[in-house]
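Student: Hi! Could you walk me through this one? I'd like to look at it first and then ask about bits of it.

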Amino acid sequence: MATIQEKMISSSEGPRPIPVIALGTASESGIARIETVTPSTLIEAIKMGYRHFDSAAAYGTEKPVGEAIAEALRSGLIKSRSEVFVTTKLWCNSADRHLVVPAIKESLRNLGLEYVDLFLIHWPYKVIQEKLKLPIPTECIFPIDLKAVWEGMEECQDLGLAKSIGVSNFSSRKLKQILSFAKIPPAVNQVEMNPIWQQKKLNEFCKMNGILITAYSPLGAVGNSLWGHSHVMECDVLQNIAMSKGKTVAQICLRWLYEQGVIIAIKSFNTERMKQNLDIFDWSLTQEELNKIDLIPQRKYTSLNRTVVTEHNDILAEIDADID
């Protein structure tokens, strides 16, 4: 079983460890409520050494995550709940002050847990929509009252429903807004990050303010027809480094992210790839290799913002312009 390195995040209990690799659970099918991840798959992940699971109300994967943890406890794979780090997220239809606590309680019911380790605001806008459907129509998108919603997030931590709270898909500008009024600063900002979209300015801002980045789409969400692309995996620079080191391109990407000091949310339910994705800790990239990756032309290929909401939306334009 692999041993995954940890970092520390702020929490209601002071600094707490967070495994640097999380098994992501987002997928097109899951969002459409077609089962794509089963408790048995997640049990196999626990056997391999995974101890951090990244879920969300919108993914439809909270129940299998909770069932896997319960089974791991019953079978003795883990000795206590505290051995597993669970992240979930507030979906945009609950981005109102009075809906935040009920939303986390619903997530906890789905997970079968008394608390989550990390609770994130999923996106910096509000959606009024009975059933999640992508892209979300323009008329269903509204600005978020960030101060009010963050007060709800703080209440979740104060009540012990979440050990830590944070955000997802937030720019430095929006983080500055939260920091201007937050009683509890966000512990984490989960954003798209990979060698082709390196988020250098945002990562620097977060480090300066004690906010840990979690990188999603570390491989460009390759294989996902809804929001993914193959540009990361097909990058010549990454392929050449992988060949010279006897590693996969995925491993080069994950090691590069690890050396940027971020948490990594990587989704694969293929057993061999799941094992490979953990094999990044007993080797490193040379300074020359890091320099080559640093020079890769930057472009936000993943159109996740524009997949989630309709084109030409004013709120979307603000989000796109605000990403560092």
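Student: Which residue follows α3, and what is its phi?

Tutor: α3 is followed by Gly76, which has a positive phi near 85°. Helices here are DSSP runs of H or I with at least four residues, strands are runs of E with at least two, and both are numbered from the N terminus. Keep in mind that this is a predicted model, where local features need pLDDT of at least 70, side-chain atom pairs count only at pLDDT 80 or more, and totals for chains, interfaces and linings use all residues. Residues are numbered from 1 along each chain as its sequence is written, and side-chain values use heavy atoms, leaving out hydrogens and water.

Student: Good to know. How many residues does α3 have, and how far does it reach?

Tutor: Helix α3 covers residues 62–75, which is 14 residues, and reaches 20 Å from its first C-alpha to its last. That is close to the 20 Å expected at 1.5 Å a residue, where the expected span is 1.5 Å times one less than the number of residues.

Student: Which residues of α3 are buried, and what do they pack against?

Tutor: The buried ones are Glu62, Pro64, Val65, Gly66, Ala68, Ile69 and Ala72. Buried means under 20% relative accessible area, exposed means over 50%, and partly exposed is in between, with a 1.4 Å probe and protein chains only. These buried residues pack against α2 (39–48), β4 (52–54), β5 (85–90) and α4 (97–111), with contact meaning heavy atoms within 4.5 Å.

Student: Changing topic: what do the strands of the barrel look like?

Tutor: Eight strands form a closed barrel with parallel pairing, in the order β3-β4-β5-β6-β9-β10-β11-β12. From one strand to the next, the twist averages 30°. Two strands pair if DSSP finds at least two bridges between them.

Student: How many bridges join β6 to β9?

Tutor: Five bridges join β6 (residues 116–121) to β9 (residues 162–168), and the two strands run parallel. One partner pair is Val116 with Ala162 in β9. Helix α5 (residues 146–158) packs on the sheet, touching β5, β6 and β9, and its direction makes about 155° with that of β9. For that angle, axes are lines fitted to C-alpha atoms, for helices over the stretch in contact, and angles run from 0 to 180 degrees between N-to-C directions.

Student: I clicked on Ser164. Is that residue buried or exposed?

Tutor: Ser164, found in strand β9, counts as buried because its relative accessibility is 0%. Its side chain reaches the backbone oxygen of Ser10 at 2.7 Å. Not counting residues up to four places away in sequence, Ser164 touches several residues, including Ile9, Asp117, Phe119 and Ala187.

Student: And Glu13, where is that?

Tutor: Glu13 is in the loop between β1 (6–9) and β2 (16–19), and is exposed because its relative accessible area is 52%. A polar contact of 2.5 Å joins the side chains of Glu13 and Lys163. Such a contact is a pair of N or O atoms within 3.5 Å; within protein, one must be able to donate a hydrogen and the other to accept it, and residues adjacent in sequence count only if both atoms are side-chain atoms. Glu13 and Lys163 are 150 residues apart in sequence, and 7.3 Å apart in space from C-alpha to C-alpha.

Student: Do β1 and β2 pair in the parallel or antiparallel sense?

Tutor: They pair in the antiparallel sense, over four bridges, and Met8 stands opposite Pro17 in β2.
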